[in-house]
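Here is my note on the model you sent. Please keep the sequence and the structure open while you read.

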Amino acid sequence: EWRDHRTDANDADRPSVDGEFEAGVRAKLVPLLQQARNDMSRRLAAFKRQIAADLATIDFDRTYSKIDRLVQDLEVELMQKKGEIDHARTELHEYENEFKIYREKRGLIAPAKPIKNMAGYTIDLFILVIVESFINIYFFREATEDGFFGAIIISFAISLINVAGFFIVGYATKLMHSIYVASKIVSVVLVLSVTAFMALSHLVVGHYRGLYLVAAEQNETVDMTVAINQAIQRSLNVEIFPDFNSFLLIIIGVLLGIYAVIKGYNLGDRYPGYSNKRHRVLEAQKTFDRKISAIAKKVKKTQQAIYSSVEAYMGTVGSKAAIVTSTATELANAESLYQNFVNSVSNAYETAIHEYNRQSGGAARSEQSQLEQTAHALEFADDVAQTVVSAQTANDLAAAGKERANACKEAFEVRLEGLSRIVSPRQPVNDRIGG
């Protein structure tokens, strides 16, 4: 088109025609260069952001800051709870010392018995009362003027008094193990008096039953108050029972009472207060363990977080370095393609002018310098080179990061070990207090 236009032109018009041709070539090529330049600029910015982000993950500083923040939070929490833990520890030591002094003062070697489950113990005694009540009902079913219902009431009252009285005898017997003379005297007086009362009560019950049986055989009625007074008089006079069942009733009551004595004696330890002092030590130990348990779990959780962070870093740092290297290679290739494209456009410009002048005899001028000023084929070269150089440090940075990660892991283990001393396992409480 330009050749035909040049051939038809007059000689006077050639300079303007030549200029139009050169301007038309530039109008077609310069937008392509500008588009390529903008595209390369965007790609360079994206590559630089990606490489910078990957290098930041390769650098161990970010992981170190995360780990250090976890440990600092743990230290702050520990300092906040240190007062509570120290108080619980002091209280535990006081109870332990008190327990040891108690043992040493009394020359105790045997371990203290644990305190019984009072609910279960009470149920056991109640069952004993019920069993004895059913036995008494059998003996009193014909020995009351109120019949079976009266037998139930009398039987339950007798059983309750019998079990409670002998239980008190058994429990009071433990006072004899006290190192204090006053406690021993109280124990002896209490045991003898309650035992004498229980013995008299059994005799009264036997005679009370016998009086009602005799009255029933003679079709007579006996007032309860009168019957009790007569039964007491006969017991004091040691009179024999009217039948064998009254004697058997007493034997059964005594046997069940002996069981109640054993239950009273075995409630807690035989030494007064021995079980309670041991129980206080164990409860203080539970309180202390409960307070340090949360800290121990926190230390363990922080330790696991450190291991996880270091392992995650070690597992990804190599691949990140490879990605940075690959990205840098892609950037260098993109910049090389851009230069080749700019050179190709510049060559096309020169070729178009040259061919125009050769075929049409024209004198169109080559303004290559202006074209190069528009494109700047090498304008990205330095920036790309610097980015590639920084990316080439990825492998060295990864190796240094691995060394820091291992050193950091060891350093934080030592740091956590210092914190763990507060919550370190203690000697079992039974070993410390001797049982």
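**Notes on the helices**

1. Start with helix 7. Its buried residues are Ala227, Ala231 and Ser235. Seen down the axis of helix 7, these buried residues fall within an arc of 70 degrees, so they line one face of the helix. The background is simple. An α-helix has 3.6 residues a turn, so residues three or four places apart point the same way.

2. Helix 7 covers residues 224-236, which is 13 residues. At 1.5 Å a residue they should span 18 Å, and the end C-alpha atoms are 18 Å apart, which agrees.

3. A word on the whole. The model is predicted. The protein has 435 residues, and 35% of them count as buried. Its secondary structure comes to 13 helices and 0 strands.

4. Which residues of helix 8 are buried? They are Ser246, Leu249, Ile250, Gly253, Leu256, Gly257, Ala260, Lys263 and Gly264. These residues cover an arc of only 140 degrees around the axis, which puts them on the same side of helix 8. The face turned away from that buried side carries the exposed residues Phe244 and Leu255.

5. Helix 8 passes the length check as well. It runs over residues 244-265, 22 residues in total.

6. Next, a helix pair. Two packed helices are described by the angle between their axes and the distance between the axes. Helix 3 (residues 61-106) packs with helix 9 (residues 274-360) at an angle of about 165 degrees. Their axes are 9 Å apart. Angles over 145 degrees count as roughly antiparallel. Helix 3 and helix 9 are therefore roughly antiparallel to each other.

7. Stay with this pair. Helix 3 passes helix 9 in a left-handed crossing. What kinds of residues make up the contact of helix 3 with helix 9? They divide into 22 nonpolar, 4 polar and 13 charged.

8. Last, look at one residue of helix 9, Glu335. Is Glu335 buried or exposed? Buried means under 20% relative accessible area. Glu335 has 9% relative accessibility, so this residue counts as buried. Now find Val384. Glu335 and Val384 are 49 residues apart in sequence. In space, their C-alpha atoms are 7.3 Å apart.

Methods: Residues numbered from 1 in each chain as written. Predicted model: local features only at pLDDT ≥ 70, side-chain atom pairs only at ≥ 80, totals over all residues. Heavy atoms only, no water. Helix = DSSP H or I, 4+ residues; strand = E, 2+ residues; numbered from the N terminus. Expected span 1.5 Å × (residues − 1). Buried < 20%, exposed > 50% of the residue type's maximum accessible area, 1.4 Å probe, protein only. Arc of directions from axis to C-beta. Axes fitted to C-alpha atoms, helices over the stretch in contact; angles between N-to-C directions. Parallel < 35°, antiparallel > 145°, perpendicular 65-115°, else oblique. Left-handed = near helix turned anticlockwise from the far one by under 90°. Nonpolar A, V, L, I, M, F, W, Y, C, P; charged D, E, K, R; others polar.
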